[in-house]
Amino acid sequence: MIEFRPLTYETLKVGEGFVSDEHLVTPEDIETYAFAVDDHHPWYFEDSPFGGPIAHPTLLGNQALRLRHSRYIVHAGLHAKMEFEFLEPIRQGVRARSRGTVVDKYERRGKPYMVTEFVTEDENGTVLVRGRFTQMLFRG
């Protein structure tokens, strides 16, 4: 059983790894996300050059951003920077999982930050998305 601790700059360790739960991408996920980001590209609802509907490329971004929640109680934070590389289309029916590692933590102007690199893969290990994000941690 995992013991959840509050996420603080002091408890966070560079090199610490996180793994998300597996997520099945459903047609409802694709449609809901397209409406949420107000992007109604026909490939999300009809056939695409990839053979069937695909999801908006940032659909699984939240899975990566929530990686730290798999181990910590996260009260709040602020996204300072995000970078994505979209390597493969996200097809409906795929089962995806994100893995991430804290690659840096630092303080700037008295504020603590963490930097995480991640990959999101399908059930065959094909990398769908790779990225890096920097988040400011709030002190309690």
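**A strand and its two partners**

Reply: Not counting residues up to four places away in sequence, Glu-107 touches Tyr-9, Pro-112 and Arg-139, where touching, or contact, means heavy atoms within 4.5 Å. The model is predicted, so local features need pLDDT of at least 70 and side-chain atom pairs count only at pLDDT 80 or more, while totals for chains, interfaces and linings use all residues. Residues are numbered from 1 along each chain as its sequence is written, and side-chain values use heavy atoms, with hydrogens and water left out.

Glu-107 belongs to strand E6; helices (H or I, at least four residues) and strands (E, at least two) are DSSP runs, numbered from the N terminus. Glu-107 is partly exposed, at 44% relative accessible area. On this scale buried means under 20%, exposed means over 50%, and partly exposed is in between (1.4 Å probe, protein chains only).

Strand E6 (residues 95-108) runs antiparallel to E7, and 11 bridges join them; two strands pair if DSSP finds at least two bridges between them. Within this pairing, Arg-99 has Val-119 of E7 as its bridge partner. The two strands make a hairpin with two residues between them, and Arg-109 in the turn has a positive phi of about 55°.

E7 itself is mostly covered, with eight of its 11 residues buried. E7 also pairs with E8, again antiparallel, over nine bridges. Phe-118 stands opposite Gly-131 of E8. This second hairpin has five residues between the strands, and Gly-125 takes a positive phi near 85°.

Asp-122 sits in the loop between E7 (111-121) and E8 (127-137). Asp-122 is buried but has no salt bridge; Arg-91, the nearest side chain of opposite charge, is 6.6 Å away. A salt bridge needs a side-chain nitrogen of Lys or Arg within 4 Å of a carboxyl oxygen of Asp or Glu; Lys and Arg count as positive, Asp and Glu as negative, and His and the chain ends are not counted. The side chain of Asp-122 does reach the backbone nitrogen of Thr-126, at 2.9 Å. Leaving aside neighbours within four places in sequence, Asp-122 contacts Val-94, Arg-95, Ala-96 and Leu-128.

Methods
Polar contact = N/O pair within 3.5 Å; in protein donor to acceptor, adjacent residues only side chain to side chain.
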